[in-house]
Amino acid sequence: EKFDRVVSIGMIEHVGPKNYSTFMEVANRCLKDDGLFLLHTIGTTDIPCIPDPWMEKYIFPNFFIPNERHIVESVSGLFIIEDWHNFGAYYDSTLISWYKNFNMHWNKLKTQYDDRFKRMWNYYLTISAALFRARRSHLWQIVLSKNGVKGGYESVR
């Protein structure tokens, strides 16, 4: 089936580099010729991209954070990049809010989770916030089209 819009939020991080091309081919196949594809992902400028062993073991098994090259190579020949918005500089405040809310409501949650989980989740949230604050991690929203938007794409910010 073909759609006017295809949206991927936080998915490509779990597809893995060897499957990026297939992922993009499926998105392309599902998109109408005049449709738009929004790819929302955490990204990095690190090369090589080496997953953090602790995070891979305890938080996101088999995850991989793409860099710009991974994205550009995987969309090449399939899509035109209409817009690439990086709002990662502001994402650390979101993660810190999650950290505060999690701890503020811990008394309600602790019947379902143990103290070990609490320590690991707090570590994950704060180290992630630090990576965004240090501009090592980014939050990208990339708008893609198959054939270019007639008259140009106007970004909504």
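**Pocket and cores**

Analyst: This is a predicted model. Strand 2 (31-44), helix 2 (53-58), helix 4 (91-104), helix 6 (115-133) and strand 4 (137-145) each give at least two residues to the lining of the largest pocket.

User: Which element supplies the largest share of that lining?
Analyst: Helix 6, with six residues.

User: What volume does the largest pocket have?
Analyst: About 690 Å³. The lining comprises 30 residues, and the closest to the pocket centre are I42, M55, F63, I65 and S137.

User: How does the lining divide into nonpolar, polar and charged?
Analyst: It has 19 nonpolar residues, seven polar and four charged.

User: Switching to Y123. Where does Y123 sit?
Analyst: Y123 is in helix 6.

User: Is Y123 buried or partly exposed?
Analyst: Partly exposed, because its relative accessible area is 40%. The cut-offs here are under 20% for buried and over 50% for exposed.

User: What separates the C-alpha atoms of Y123 and M55?
Analyst: A distance of 9.8 Å, with the two residues 68 apart along the chain. M55 is also one of the residues closest to the centre of the largest pocket.

User: New topic: the packing. Which residues touch the most other members in the largest nonpolar core?
Analyst: I12, F23, M24, F37, L39, F79 and L144. That core has 18 residues.

User: Which elements give two or more residues to this core?
Analyst: Helix 1 (20-30), strand 2, helix 3 and strand 4. Helix 1 gives the most, with four residues.

User: Take F23. What is F23 in contact with, leaving aside neighbours within four places in sequence?
Analyst: S8, M11, I12, V15, F37 and L39. Of those partners, I12, F37 and L39 are on the list of core residues that touch the most other members.

User: What lies apart from that core?
Analyst: Another core, of 10 residues. Among them are I59, Y91, A129 and L139.

User: Buried or exposed?
Analyst: N67 is buried, since its relative accessible area is 0%, and the cut-off for buried is under 20%.

User: What does N67 touch, not counting residues up to four places away in sequence?
Analyst: T44, D46, I47, C49 and W140.

Definitions and conventions:
Residues are numbered from 1 along each chain as its sequence is written. This is a predicted model: local features need pLDDT of at least 70, side-chain atom pairs count only at pLDDT 80 or more; totals for chains, interfaces and linings use all residues. Side-chain values use heavy atoms; hydrogens and water are left out. On a 1 Å grid over the protein atoms alone, a cavity is a set of points where a 1.4 Å probe fits but cannot get out, and a pocket is an open set with protein on both sides within 12 Å along at least five of seven lines; lining residues have an atom within 4 Å of a point. Grid points are joined across faces, edges and corners, and a volume is the space filled by probe spheres set on the points. Ala, Val, Leu, Ile, Met, Phe, Trp, Tyr, Cys and Pro count as nonpolar, Asp, Glu, Lys and Arg as charged, and the others, Gly among them, as polar. Buried means under 20% relative accessible area, exposed over 50%, partly exposed in between (1.4 Å probe, protein chains only). Contact means heavy atoms within 4.5 Å. A nonpolar core is a set of buried Ala, Val, Leu, Ile, Met, Phe, Trp, Tyr and Cys residues joined through side-chain atoms within 4.5 Å.
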